[in-house]
Amino acid sequence: SAVAHEASCIFCKIIKGEIPSFKLIETKHSFSFLDIQPTAEAHALVIPKYHGAKLHNLPDEYLADILPVTKKLVKAIGFDVDGIDGPGYNVLQNNGRIAHQVVDHVHFHLIPKRDDKTGLI
Ligand code: 5GP
Ligand code: ZN
């Protein structure tokens, strides 16, 4: 169950189902879904079920849930490809306007990178 929601936060609303999303994996501490403006096919966001604007605002138990979920998503989309060449992915997390953060609820981007450059970016 989610805690520390902020009424005006779009990502808190997504967690509560008040704004629709394409849900991927939900756990006790996190929620993941497809980005509405993907920079690549299957661009996903993994967010804590805790309203904090920046990484350092999160309790450790929420942080600890994020990377295992990200790893599951990598496997689910078939990007668990070994070897340094071929398909890859970025895990990206912005903190503050100066660092390009737009939504003030911590989120980790999972951005698949295809070796054939069919992604949008
Ligand atoms: P930031 O620049 O804050 O790191 O990225 C915010 C991301 O959230 C953007 O990639 C944007 O497309 C995504 N986003 C913003 N609003 C919504 C929404 O209502 N639904 C979904 N699925 N993604 C959103
Ligand atoms: Zn929030």
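How many bridges join β2 to β3, and do they run parallel or antiparallel? Five bridges connect these two strands, and the sense is antiparallel.

## Basis of the description

This is a predicted model, in which local features need pLDDT of at least 70 and side-chain atom pairs count only at pLDDT 80 or more, whereas totals for chains, interfaces and linings use all residues. Residues are numbered from 1 along each chain as its sequence is written, while chains are lettered from A and ligands numbered from 1 in the order in which they are written.

Helices (H or I, at least four residues) and strands (E, at least two) are DSSP runs, numbered from the N terminus. Two strands are said to pair if DSSP finds at least two bridges between them.

## The sheet

Five strands form an open sheet in the order β1-β2-β3-β5-β4, with antiparallel pairing. Strands β1 and β4 stand at the edges with a single partner strand each, so one side of each has no neighbour in the sheet. On average, and with direction ignored, neighbouring strands are turned by 20° against each other, the axes being lines fitted to C-alpha atoms, for helices over the stretch in contact, with angles running from 0 to 180 degrees between N-to-C directions. Helix α2 packs on the sheet and touches β1, β2, β3, β4 and β5, and its direction makes about 160° with that of β3; contact here requires C-beta atoms, placed from the backbone, within 7 Å.

Strand β1 (residues 23-26) pairs with β2 in the antiparallel sense over two bridges, and a hairpin of three residues joins the two strands. Phe33 of β2 stands opposite Lys23 and also opposite Leu45 in β3. Further along the order, three bridges join β3 to β5 in an antiparallel arrangement, with Leu110 of β5 as the bridge partner of Ala44.

Leaving aside residues up to four places away in sequence, Ala44 touches Leu24, Ser32, Phe33, Leu34, Asp35, Leu73 and Leu110.

A residue is buried if 20 or more other C-beta atoms, placed from the backbone, lie within 10 Å of its own, exposed if 12 or fewer, and partly exposed in between. Four of the five residues of β2 are buried, so this strand is largely enclosed by the rest of the structure.

## Loop residues

Most residues other than glycine have a negative phi. Ala42, in the loop between β2 and β3, has a positive phi near 70° and counts as partly exposed, with 19 C-beta neighbours inside 10 Å. His100, in the loop between β4 and β5, has a positive phi near 75° and counts as exposed because it has 9 such neighbours inside 10 Å.

## Around ligand 1

Of the 14 residues around ligand 1, the nearest are Ile36, Gln37, Asn94, Val102 and Val103, where a residue is near if its C-beta atom, placed from the backbone, lies within 6 Å of the molecule.

Key. Two residues are in contact if their C-beta atoms, placed from the backbone, lie within 7 Å.
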